[in-house]
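Please look over the sequence and the model before reading on.

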Amino acid sequence: MPKMADNRTHLVLENYIGGMFVPCSRHIDSYDPSTGEVYCRVPDSDKEEVEAAVKAAKEAFPEWSSKSPAERAKVLHKLADLIEAHLEEFALAESKDQGKTITFARTVDIPRSAHNFRFFASSVLHHTTDCSQMDHMGCVNYTVRSPVGVAGLISPWNLPLYLLTWKIAPAIATGNTVVAKPSEMTSVTAWMMCKLLEEAGMPPGVVNIVFGTGPRAGDALVSHPDVPLISFTGSTGTARVITEHSAPYCKKLSLELGGKNPAIIFQDANLEECIATTVRSSFSNQGEICLCTSRIFVERSIYPEFLQKFVEAAQRWRTGVPTDTSSDNGALISKEHLEKVRGYVKLAQAEGGKVHCGEGVDTLELPERNQNGYFMPPTVITDVTDTSRCMQEEIFGPVTCVVPFDSEEEVIRRANGVKYGLSATVWSRDVGRVHRVARSLQAGLVWTNCWLIRDLNLPFGGMKSSGVGREGGQDSYHFFTEVKTITIKH
Ligand code: NDP
């Protein structure tokens, strides 16, 4: 496993191309969000490095794609075993690199990364293709599916290894080879995974990772003529650029984007369970999950009680040093992001909003060495209008707005009144209402009386500006393969 390189005592990462670690002459500083100090140097790759990685992936494609799904699955299972065997090292690295708590990395990020490989290793063994009879024409039709080629995978910083493996696993399980570019702010665990690939039996060139910024390395991948498919998770703004830059090549695109997710809480909800879950859905991972709740609509009759109990619960959600197992939240990803999130709180106040807890209300007690870290306590805002920027734009931090509503019809209209459509939660004991509301919401995922329970077989993705396409068992299989219809006249 990786050791700290002695380059001004910083960890220095290298690209992984064609089964080898390849140093890069240019680097970007990467910060420990809990201290604000540089601790790692990440390759600042450009066209040249991407070109080499695509070449390696192209060369590896014929052999990898001709293996049976079972042979490929064996490699994926072994990689999952190795990640699990090194779970603690991965969790520590993810926590240090991203700012998230060690507990979250240990229980969510890293186990799920291993599970992504296991899930697609198994899933790929069970697909069937379609067949249709046309006896009146003397024909039979059937479909076959083949891997697409070199897949370009671009992932964000909030769930670094989790989201990267969510793309790599289905891409290679279905026989593609890949060039991946993680966020330059959180590249360490991807680099650590590369150290395990050879032992897992991954042939050189099947998985290539090029580190660097979006506008340089990411864009070189998006604009490369030999990369016919791009799977991207990130912001809606970047997705627009990717769509434009890939358009001349008619690439296959999967875009998993931002959200402005509502929670709708009816007066008959189990309030205790609802509050505990809504605090988690609003603030987990510092609110840096695309599925986090950021607009809470509460039926007026229970609004005062809900607000009081919710604010109390938010104040109990402890923000602290990521390595402390009693911390519920760690630090935000960067200074710029912290300023952006704080800016939304100021904006809400300028528009007449009231801040009940968190930013500007509660003070954090942090050790001396964490005083320059990017910490922010859970913040609850009320008295904002639906058209305010805090109720319309993705904040992607530990900030949520609570507003009252009067009727089912009204709340559906208001919940749908944003450009996003990723996820929603509905809280009610009325089974008819739960079905009605879930059906009416413009969201790719609706959780009722729960949050974040996922069956990976089922589609994941958003409507409207939250994305294009879906990922998950059958959907990932379809995305990472090309289908062909064959007609046989007999
Ligand atoms: P960004 O869109 O800024 O970046 C995502 C990735 O795209 C990064 O690797 C980034 O590189 C890269 N990138 C940036 N510009 C370009 C470009 N011109 N061409 C190619 N690649 C580029 O998102 P964030 O990293 O800030 O992630 C947060 C966003 O991700 C939020 O909006 C969140 O909602 C969304 N998200 C969506 C999820 C979903 O499943 N729907 C899940 C998780 C997050 P670099 O960072 O190196 O510049």
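## Terms and basis

Axes are lines fitted to C-alpha atoms, for helices over the stretch in contact, and angles run from 0 to 180 degrees between N-to-C directions. Helices are DSSP runs (H or I, at least four residues), numbered from the N terminus.

The model is predicted: local features need pLDDT of at least 70, side-chain atom pairs count only at pLDDT 80 or more, and totals for chains, interfaces and linings use all residues. Residues are numbered from 1 along each chain as its sequence is written, and side-chain values use heavy atoms, with hydrogens and water left out.

## Helices α9 and α10

Helix α9 (residues 271-283) packs against helix α10 (residues 303-316) at about 50°, and their axes are 10 Å apart. The two are therefore oblique to each other, a class for angles that are not under 35 degrees (roughly parallel), over 145 (roughly antiparallel) or 65 to 115 (roughly perpendicular).

Contact means heavy atoms within 4.5 Å. Residues making it include Leu-271, Ile-275 and Phe-283 of α9 and Phe-306, Phe-310 and Ala-313 of α10.

## Helices α3 and α4

The axes of α3 (residues 87-98) and α4 (residues 102-123) come within 8 Å and cross at roughly 115°. Among the residues in this contact are Leu-87, Phe-90 and Glu-94 of α3, with Ile-102, Arg-106 and Asp-109 of α4.

## Ligand surroundings

The ligand is surrounded by 31 residues (a heavy atom within 4 Å). Glu-184, Ser-235, Thr-238, Leu-257 and Glu-394 are the closest.

Polar contacts are pairs of N or O atoms within 3.5 Å. A ligand oxygen atom lies 2.5 Å from a side-chain N or O atom of Glu-394. For the side chain of Thr-238, an N or O atom is 2.7 Å from an oxygen atom of the ligand.

Methods: A polar contact is a pair of N or O atoms within 3.5 Å; within protein, one must be able to donate a hydrogen and the other to accept it, and residues adjacent in sequence count only if both atoms are side-chain atoms.
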